[in-house]
Amino acid sequence: MKRTLLTGNGAAAWGARLAGVDYIPAFPITPQTEIIEAIANWADSGEISGRMVTLESEHSMITAAGAAAATGVRVFTATSSQGLLYGMEMLYTVAGWRAPFVLVNVSRGLSAPITLEPDHNDILAARDSGFLQIHCATCQEVLDSILLAYRLGEDERVRLPVIVNMDGFYLSFTREPVEIPNQDVVNRFLPPYDPENISFRASQPTSQAVAVLGGGPYSYFRYEMHLAAQKSIEVFDKITRQFSEEFGRSYDAVEAYRTEDAEFIFVMIGSFATKAKEAVDRLRDAGRAIGLIRPRLLRPFPEAQIRRLLNGKKGVAVIDQNLSMGKGGILYTEIASALYGQPDAPPILVSFIGGLGGRDISQEEFFEMANNIRRAVEEGSAPPPRLLYTEGEMKEVRKLQAMANVERQM
Amino acid sequence: MYRIRFHGRGGQGMKTASRILGTAFFLEGFEVQDAPRYGAERRGAPIFAYVRADREAINERGIIGRPDLVIVADESLVPIAAAGVMTGITGDTVILINSTVPPDLWQNRLNITGPILTLPMTTEVEDRLEARFIGALCAGAAVRLVDVISLKSLKAAIGRELEPLGPEIVKKNMEKALIAYNSMDGHAGCVKEGGGMKAEEYERPTWIDLPFDEAALSAPVIHGAATSELMKTGLWRTMRPLIDYDQCNRCWWLCSTFCPDGAIRINDEGYPEIDYEHCKGCMICLANCPPHAISAIPEEQAKGRSEGGKKS
Amino acid sequence: MDETRFKRIKDLPSTHILGTGTAMCAGCGGLEAVHEVYDILGEKTVFVNAAGCMTLLSIYPFTPFRGSWLYTAMASAPAGAQGIRDALDILLEKKRIPRDEDMDVVVLTGDGSAYGMGLSATSGAMERNLDFIYLCYDNEGYGNTGQQYSSATPHAARTSTSKGPKGFPGYKKDLFSIWVAHNPLYVATVLGAEPLDLARKIEKAKELKGPRLIIALSPCPTGWDFDPSESVEIGKLAVKTGIWPLKEYIDGKVVHTKVPDRRLPVEEYLKKQGRFAHLFSPKRNDKLIGEIQESVDKYWKGI
């Protein structure tokens with residue numbers, strides 16, 4: 001075991017390396033490139049035995065990943081934002097093949113307008129694809145989640161591909177101390193892949209991913225994917241316990257921070273949740289009973305855990321780094337649906353949209369959001385959803401518009 | 001509401017029939033739904049189309065479960081369960097079959113007491129797939145059987161639906177539709193509108209909780225070889241190729257090589273044998289047999305004959 | 001390899017391994033080519049299929065294959081082949097499977113994918129020198145959806161998206177040359193109606209290791225509008241009129257494998273098909289027929 005400074009990308013590459021992956025179909029995209037550069041270098045120098053191939057697109061990359069998985073090898077791949085969307089057809093397709101592999105997505109805001117900085121619209125567009133999703137908040141978690149993801153996806157009760165998600169720049173290009181576990185311990189936790197009956201062999205005629213006619217068989221195959229995804233919550237609980245025994249780090253499906261005696265809760269996913277943690281500490285210093293929950297799993301959705309953590313609380317702020325145009329925050333919608341009809345559900349659920357396209361969320365804004373929920377609880381009604389956006393930012397955009405010669409109708 | 005189903009084979013014009021009837025109802029002031037039902041099936045395979053018509057807006061959708069009228073353009077489909085001709089037939093359903101066999105014989109065969117009518121529509125051709133105007137014939141008969149559509153609307157509907165085929169073909173279709181219409185004079189109005197479902201008394205769906213199956217079981221994977229042979233595509237065939245083994249010179253088995261479906265095998269003596277369970281009746285073998293040893297006969301004439309496909 | 005097993009038609013396989021009972025149309029020229037190809041390749045193959053007519057070869061729980069099959073999507077079957085080929089190589093290298101479990105990887109797509117949406121993936125596979133066979137059944141249109149025109153549709157053909165008096169205004173893309181420009185190991189055109197030529201080419205392709213790409217012109221009774229029994233005759237006419245040159249590219253050279261002695265006029269081919277009927281009635285369109293003849297003459301003049 002060694003503790004060293006690694007970027008999120010570096011941690012992802014190490015995760016793949018430790019998992020002993022056989023095959024890495026790749027395609028470069030900022031801010032994910034470091035992952036495949038590191039793997040390519042290791043493959044060239046013989047430090048890993050896996051074979052890396054650069055495809056001509058993410059659509060092809062995901063096809064190749066699925067096809068190799070369907071032939072019975074352990075596959076790793078990575079992409080980001082536009083790339084994830086370019087491969088979207090194949091995300092849905094290969095998930096239905098029921099051949100597991102791991103894909104790291106480095107979240108980045110989607111075009112248009114094009115940007116390089118992160119938010120979660122890319123990964124949430126893949127929400128219903130059949131891939132399971134693990135969301136990370138630290139570089140250590142990126143490495144560890146890749147090991148967990150293989151155990152999870154390859155479990156015979158699950159057999160679904162898994163996306164491990166991290167935020168571009170805030171994790172992908174940010175170095176943090178990361179413990180790189182010893183290979184023998186990893187091997188104990190994650191033995192070589194046994195694909196069982198997933199294969200293409202000359203002696204076993206197999207037709208995979210065939211067509212169906214009619215809604216009856218189609219419903220069966222699709223709903224079984226859903227049942228397997230739901231089953232994966234219990235599988236995840238089991239393997240994280242084992243992970244914790246081997247490596248001393250625990251990863252519950254939902255991270256709960258200072259929630260037990262809390263009256264108010266922040267809900268976030270991804271790396272900005274550590275900013276919320278910091279705010280929770282400062283608010284606690286000020287005597288405020290507030291905590292944070294951070295779903296690590298988004299698919300499967302850990303509904304029971306979320307209910308357990310939120311029921312009985314007075315007010316909840318859901319902070320979405322994504323936007324469903326014409327509806328609002330996606331995580332907010334998911335949390336609301338999990339709580340609806342629960343006898344003990346928190347009466348106040350407030351939606352905030354922040355961090356779009358890498359826009360920072362300041363500590364002051366967390367404090368203000370905490371005040372907002374407290375006020376809403378006192379008044380007994382939730383305010384409308386709010387975009388975190390300041391006067392200063394508006395002025396700046398106005399300046400840009402003037403320079404862009406935008407004629408404004410006054 | 002009128003609920004009407006047309007059954008035929010791919011290529012026989014069932015979609016045309018449903019569109020002509022749908023348009024005719026529409027021109028008569030009805031609210032209408034018409035649709036063909038597609039599957040993986042191709043020319044010659046059983047298909048159907050359907051029409052709903054009502055004075056009120058129609059909320060029902062999809063396949064018609066309980067038809068008031070079923071028109072069968074190809075009688076060979078009636079006994080084939082997969083064709084679904086008899087699905088949802090009640091004592092009130094009128095069945096019209098393109099056939100020369102009299103109705104009472106059909107009632108005996110199918111063991112039903114409900115009204116059956118017959119109308120020979122395709123006697124002038126050997127191969128029913130070659131017959132033309134069946135769509136117009138079926139629509140013309142249906143119009144008379146419901147008897148709520150004027151001849152003017154029927155003609156206008158044919159004009160609208162077939163216009164791209166040119167005035168000659170439209171004219172010919174109108175003549176054919178009229179013949180079918182007139183031949184149903186004695187049964188005008190025998191098809192009555194069916195009612196809606198009753199919410200007080202219904203058959204409860206047998207819902208289950210879908211059991212969790214591991215992916216080893218529930219992935220869309222076929223473990224096995226050539227399972228397609230369970231599909232009896234011989235049902236698509238309306239004409240049967242027959243090999244005259246006195247003429248067959250066991251050439252170089254062009255019939256077997258060219259048969260797209262691989263439905264002609266070569267036996268131990270070097271004679272080709274046709275697999276009638278799967279032969280789709282394309283007649284490529286007939287067209288390419290060097291000594292012209294292959295002929296074709298209508299499928300119904302071949303019933304009970306085993307020779308011609310197997311060297312005895 | 002100069003010696004062929006297939007010296008005369010009698011040498012062709014007399015047993016066929018592709019299962020019966022598929023949902024392909026009666027008289028399908030594509031299925032004819034696929035079953036002839038499969039007889040030569042044998043059961044140790046895994047087909048990687050793109051969206052097209054042949055998607056419907058395998059419908060749960062029915063498959064005609066005695067070997068294996070994977071359905072991918074319209075644009076990326078060659079990438080699927082890449083994944084399977086690489087995975088098999090890895091398994092062999094790491095000795096997780098014995099040699100005799102290996103298979104030929106065969107991409108199977110229609111012209112819509114081959115000439116259009118899948119071209120980038122095919123280009124990539126050739127550039128990576130992927131060891132695979134690509135079989136395109138070319139029925140000159142999006143046949144599975146009702147024969148709309150594709151980039152393989154010939155000039156003047158009526159399709160369901162070119163119903164005007166002049167038919168399709170575009171020209172058939174020269175996929176053979178596009179593939180050849182990548183300098184892959186082997187490229188060939190074939191036709192189910194010319195089984196001996198097809199068998200020799202597939203036999204040759206099977207022995208090579210690298211990208212091997214085959215286009216099979218596939219007369220389509222449904223999309224081209226002719227009687228299914230004429231499928232073979234129309235295919236033969238495509239060769240006799242010079243419309244479909246049978247050729248191969250190997251060792252950097254294009255060789256024509258069957259040069260018609262005396263080419264028949266193209267109209268012999270055109271007039272057999274409903275999709276060209278507007279060239280002959282109600283009024284004969286000499287200009288368009290002439291244009292098609294000219295382009296064929298020009299091709300053969302350049303040989």
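Predicted model: local features only at pLDDT ≥ 70, side-chain atom pairs only at ≥ 80, totals over all residues.
I started with burial in chain B: buried residues make up 46% of its 312 residues. Buried here means 20 or more other C-beta atoms within 10 Å of the residue's own, exposed means 12 or fewer, and partly exposed is in between, with C-beta atoms placed from the backbone.

Residues are numbered from 1 along each chain as its sequence is written, and chains are lettered from A, with ligands numbered from 1, in the order in which they are written.

**Chain B, overall**

I looked up the extent next: the C-alpha trace of chain B spans about 65 × 60 × 40 Å along its principal axes. I found nine helices and 11 strands in chain B; these are DSSP runs numbered from the N terminus, H or I of at least four residues for helices and E of at least two for strands. For contacts I use C-beta atoms, placed from the backbone, within 7 Å of each other. Of the contacts in chain B with a separation of 6 or more, 68% are between residues 24 or more positions apart.

**Chain B, helices**

I checked α2(B), residues 103-110: the number buried among its eight residues is zero, so the helix lies largely in the open. Just after α2(B), N111(B) has a positive phi of about 55°.

Then I took a helix pair. The axes of α1(B) (14-27) and α4(B) (151-162) come within 8 Å and cross at roughly 130°. That makes α1(B) oblique to α4(B). My cut-offs: under 35 degrees is roughly parallel, over 145 roughly antiparallel, 65 to 115 roughly perpendicular, and the rest oblique. The axes are lines fitted to C-alpha atoms, for helices over the stretch in contact, and angles run from 0 to 180 degrees between N-to-C directions. The α1(B)/α4(B) crossing is right-handed, i.e. the near helix is turned clockwise from the far one by less than a right angle, anticlockwise being left-handed.

On the α1(B) side the contact uses T16(B), R19(B), I20(B), T23(B), A24(B) and L27(B), and α4(B) brings S153(B), L154(B), A156(B), A157(B), I158(B), R160(B) and E161(B). By class I get seven nonpolar, three polar and three charged residues. Nonpolar covers Ala, Val, Leu, Ile, Met, Phe, Trp, Tyr, Cys and Pro, charged is Asp, Glu, Lys and Arg, and the others, Gly among them, are polar.

**Chain A, domains**

Chain A is divided into domain 1 (2-201 + 208-247) and domain 2 (255-394), with bounds from an automatic or database domain assignment. Their centres, taken over C-alpha atoms, are 28 Å apart. I count 27 residues of domain 1 of chain A in contact with 21 of domain 2 of chain A. On the domain 1 side, α9(A) gives the most, with five residues. That side divides into 13 nonpolar, 10 polar and four charged residues.

**Interfaces with chain C**

In the A/C pair, 37 residues of chain A are in contact with 39 of chain C. The largest share of the chain A side, 10 residues, comes from α3(A). That side has 20 nonpolar, 12 polar and five charged residues.

Last, 39 residues of chain C are in contact with 37 of chain B. Here α1(C) gives the most to the chain C side, with four residues.

Terms used. Contact = placed C-beta atoms within 7 Å.
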